[in-house]
Amino acid sequence: MDLHGIGPSSAARLLADTGDIHRFGNRDRFASWNGTAPLDASSGEQQRHRLSRAGNRKINRVLHIMAVVQLRNRTAGRVYYDARKAGGKTSMEALRALKRKLSNVVYARMLADQRRREWAGPGGQSGTTTDSSATSFNPHTDPSDNHIPDPIIRLTPHRHPRLDIEGSHYRALAKQRVIRVGQPRPEPGGSGR
């Protein structure tokens, strides 16, 4: 079953809210976190389950939209839903089962993607490491590597380069909206009009 029915915004929501997929020990914990794990609501002889109201509702909504899109098209999700209905489930129970199945598929895909990223290393290339001469304890230095001095800090009042007036005076004129494009430059000590 693929991730049919998930768009860029839903994928971004999954990645942002889930974070590190390794924080979930297995797919059951992921399903419990996103609210697709059914809760037992049996009473006496009647055996039934209900939808959990707990969990991340945003991710639950992403999975619900995914399930609805899969039901509208000829996908593996539709086949799974039809098989559940043929097995005696109501339409809501079959939809809940499909959402749980999609939660498992999303978990497996995110886990595989995370493992592939970890294997690839930094930069997305396999075999790369985070070690570099700049970050190691003994970086290679050449005698030609000269120290570049820090820039000189200017202690004089800031002067606007185009208007040739002091910065504080310029800010005051700008607040009064006196300076407009196309007008002549104001005098340094003048009113600016």
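Predicted model: local features only at pLDDT ≥ 70, side-chain atom pairs only at ≥ 80, totals over all residues.

## Sorting residues into classes

## The largest pocket

With those classes in hand, how is the lining of the largest pocket made up? The lining has eight charged residues, together with four nonpolar and three polar ones. The volume of this pocket is about 290 Å³.

In total, 15 residues line the largest pocket, and those nearest its centre are Pro38, His49, Lys89, Glu93 and Ala97. Strand 2 (49–50), helix 4 (76–86) and helix 5 (91–120) are the elements that each give two or more residues to the lining. Which of the elements supplies the largest share? That is helix 5, with five residues.

## Helix 2 against helix 5

Helix 5 also has packing partners, and we can begin with helix 2, which spans residues 27–34. The axes of helix 2 and helix 5 lie 9 Å apart, and the two pack at an angle of about 120°. That angle makes helix 2 oblique to helix 5. Their crossing is right-handed.

On the helix 2 side, the contact is made by Arg27, Asp28, Phe30, Ala31 and Asn34, while helix 5 brings Arg100, Ser103, Asn104, Val106 and Tyr107. By class, the residues of this contact are four nonpolar, three polar and three charged.

## Helix 3 against helix 5

Next comes helix 3, residues 57–72, whose axis comes within 9 Å of that of helix 5 and crosses at roughly 110°. Angles of 65 to 115 degrees count as roughly perpendicular, so helix 3 and helix 5 are roughly perpendicular to each other. Helix 3 passes helix 5 in a right-handed crossing.

From helix 3, the residues that meet helix 5 are Asn60, Leu63, His64, Met66, Ala67, Gln70 and Leu71. Their partners in helix 5 are Leu95, Leu98, Lys99, Leu102, Ser103 and Val106. This contact of helix 3 with helix 5 has eight nonpolar residues, four polar and one charged.

## Helix 4 against helix 5

How far apart are the axes of helix 4 and helix 5? They are 9 Å apart, and the helices pack at an angle of about 140°. Helix 4 and helix 5 are therefore oblique to each other, and their crossing is right-handed.

Helix 4 contributes Gly77, Tyr80, Tyr81, Arg84 and Lys85 to the contact, and helix 5 contributes Ser91, Ala94, Leu95, Ala97, Leu98 and Lys101. The residues of this contact divide into six nonpolar, two polar and three charged.

How values were computed: Residues numbered from 1 in each chain as written. Heavy atoms only, no water. 1 Å grid on protein atoms, 1.4 Å probe; cavity = no way out; pocket = protein on both sides within 12 Å on 5 of 7 lines; lining within 4 Å. Points joined across faces, edges and corners; volume = space filled by probe spheres on them. Helix = DSSP H or I, 4+ residues; strand = E, 2+ residues; numbered from the N terminus. Nonpolar A, V, L, I, M, F, W, Y, C, P; charged D, E, K, R; others polar. Axes fitted to C-alpha atoms, helices over the stretch in contact; angles between N-to-C directions. Parallel < 35°, antiparallel > 145°, perpendicular 65-115°, else oblique. Left-handed = near helix turned anticlockwise from the far one by under 90°. Contact = heavy atoms within 4.5 Å.
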